[in-house]
Amino acid sequence: MRKIFICEYVTGGGYINKKISKKLFIQANIILKSLLNDFNKISNLKIIYTWDYRYKRTINLKNTQCVFIKKNPWKIWSSLIKKSDFFFPIAPESDGKLLKFVKFGNSQKNNLIGSDIVAIKTASSKYKTYKMFQKYSIPTIPTFKNIKKINCKNYNKWVIKPDDGAGCEKNHIFSNKNKMLNFINLNKNYVIQPLIKGESYSANIISDKSKFKILNFNKQKIFFNKKKITFNGTKFLKKIAYEKKIKKYINIIIKKLSGLNSFFGIDFIIFKQKILFVDINPRITTSYKELSKNMKINVAQQILNTTR
């Protein structure tokens, strides 16, 4: 029987000496539960995953082994990677967590499921992603690292977010240039974008390096208040406006950003009949949970196939 080690960083011990926000843990647990349920449907496959001992375990499936993490997890993770045929790391991009995790997996010489280092380095940076979009004429939102290059008269409001932030993490909305300048001076590694209140969407994509398939599109539930943008999940879509044009741009992105592999997502907005690409997520996202309910295929089997 083959073995796969599915390691979700947040629930699996990556924050063992730190407090985990309730929202972050819930989102991570949704991803883990969905993956374990789907991989459990694959015959001749034993699943191993790790779990932060501070939380009550709620998953109990056949052919599934849970290893509790009570201290620094890296030695345990290393041992489990070496005992498994496949390693599937899941982590947020913030603070280089995903990049470090994938480098660690690669060093163990295991069949790693996920995108390559080069793709993760670009996709984990909002500014690098913006420059790539710009280089290949992908419509996108102007993104700045230097506030002096911004003409604040062009837009009424601006959003500041971590360059390596995942989703709507730690974003701030400003309409006052001086307040924005003060924030930038006190906080490093942030990017600045005009606040554009379009309709937010994402595409779920699976790739094995030689070919890719868009599995579906999602409507993102995004809310705006005076101080920040919040994300409240996704809705599975069967159809989307401007689909042909969106797919054309996604095709360019995948061809130009070498190393996007396995399951990943691309975020974009539609604003006044214009498509603007925002982010590339080189990992599983919370929208994965909607797939098994709405698609006849087992996406986990397709993910496993990308290692061949």
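1. The lining of the second largest cavity splits into two nonpolar, five polar and five charged residues. In this scheme Ala, Val, Leu, Ile, Met, Phe, Trp, Tyr, Cys and Pro count as nonpolar, Asp, Glu, Lys and Arg as charged, and the others, Gly among them, as polar. The space in this cavity comes to about 50 Å³, and 12 residues line it, with E93, A123, K126, G165 and D279 closest to its centre.

2. A word on the model before going on. It is a predicted one, where local features need pLDDT of at least 70 and side-chain atom pairs count only at pLDDT 80 or more, while totals for chains, interfaces and linings use all residues. Residues are numbered from 1 along each chain as its sequence is written, and side-chain values use heavy atoms, with hydrogens and water left out.

3. How many cavities of 30 Å³ or more turn up in a search of the whole structure? There are two. A cavity here is a set of points, on a 1 Å grid over the protein atoms alone, where a 1.4 Å probe fits but cannot get out; a pocket is an open set with protein on both sides within 12 Å along at least five of seven lines; and lining residues have an atom within 4 Å of a point. Grid points are joined across faces, edges and corners, and a volume is the space filled by probe spheres set on the points.

4. The largest cavity has a volume of about 80 Å³. Of its 14 lining residues, P89, I113, G114, P282 and R283 lie nearest the centre. Two or more lining residues come from each of β4 (86-90), α3 and β12 (262-271), and β4 gives the largest share, with three. Helices (H or I, at least four residues) and strands (E, at least two) are DSSP runs, numbered from the N terminus. By class, this lining has nine nonpolar, four polar and one charged residues.

5. Now for the second largest pocket, which holds about 230 Å³ of space. It has 15 lining residues, and Y9, G14, K18, W74 and K100 are the ones nearest its centre. Helices α2 (74-83) and α3 (97-107) each put at least two residues into the lining.

6. Which residues of α2 are buried? They are W74, W77, S78, L80 and I81, where buried means under 20% relative accessible area and exposed over 50%, with partly exposed in between (1.4 Å probe, protein chains only). These residues sit on the same side of α2 because they cover an arc of only 170 degrees around the axis, the arc being that of the directions from the helix axis to the C-beta atoms. On the other side of α2, K75, K82 and K83 are exposed.

7. On to the sheets. Five strands make an open sheet in the order β11-β10-β9-β12-β13, with antiparallel pairing; two strands pair if DSSP finds at least two bridges between them. At the edges are β11 (229-237) and β13 (274-281), each pairing on one side only. Seven bridges join the antiparallel strands β12 and β13, and I270 stands opposite I275 in β13.

8. There is also an open sheet of three strands, ordered β7-β6-β8 and antiparallel in its pairing. Its edge strands are β7 (172-174) and β8 (190-194). Strand β6 (residues 158-162) pairs with β7 over three bridges, and I160 stands opposite H172 in β7.
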